[in-house]
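User: Could you walk me through this model with me asking as we go?

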Amino acid sequence: MPKNKTHSGAKKRFRVTGSGKLMRETANKRHLLEAKSSVRTRRLSRDQVVAPADQKNVRRLLGL
């Protein structure tokens, strides 16, 4: 039986914490940052937990 391959796009976008939570980066932090306040860009820098509705799909893509 061949092994399942990890989805290359998903492994760049998600990571698993030690406790098993799925983390993702926040959107809106790539460009046009001059217009956004420092408070906003700092808040966008933090990682977010993947929404419960998406966790099953993300785990499947990561091969977990």
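Analyst: What follows is a short chat about the sheet, a helix and a few residues.

User: Before we start, what am I looking at, and how are residues numbered?

Analyst: This is a predicted model, in which local features need pLDDT of at least 70 and side-chain atom pairs count only at pLDDT 80 or more, while totals for chains, interfaces and linings use all residues. Residues are numbered from 1 along each chain as its sequence is written, and side-chain values use heavy atoms, with hydrogens and water left out.

User: OK, the sheet: what is the strand order?

Analyst: The order is β1-β2-β3 in an open sheet of three strands with antiparallel pairing; strands here are DSSP runs of E with at least two residues, helices are runs of H or I with at least four residues, and both are numbered from the N terminus. Two strands count as paired if DSSP finds at least two bridges between them.

User: And which strands stand at the edges?

Analyst: Those are β1 (14-16) and β3 (48-49), each of which has a single partner strand, so one side of each is left without a neighbour in the sheet.

User: How many bridges join β2 to β3?

Analyst: Two bridges join these antiparallel strands, and R24 stands opposite Q48 in β3.

User: Which strands does α3 lie across?

Analyst: Helix α3 lies across β1, β2 and β3, and runs at about 95° to β2. Contact means heavy atoms within 4.5 Å, and the angle, on a scale from 0 to 180 degrees, is taken between N-to-C directions of axes fitted to C-alpha atoms, for helices over the stretch in contact.

User: What about G63?

Analyst: G63 lies in the segment after α3 (52-62) and counts as exposed at 58% relative accessibility. The C-alpha atoms of G63 and F14 are separated by 12 Å, with the two residues 49 apart along the chain.

User: Switching to backbone: which non-glycine residues have a positive phi?

Analyst: Among them are N28, at about 70°, and L32, at about 60°. Most residues other than glycine have a negative phi.

User: Where do they sit?

Analyst: N28 is in the loop between β2 (22-24) and α2 (38-45), and L32 is also found in the loop between β2 and α2. L32 is exposed, with a relative accessible area of 63%.

Conventions
Buried means under 20% relative accessible area, exposed over 50%, partly exposed in between (1.4 Å probe, protein chains only).
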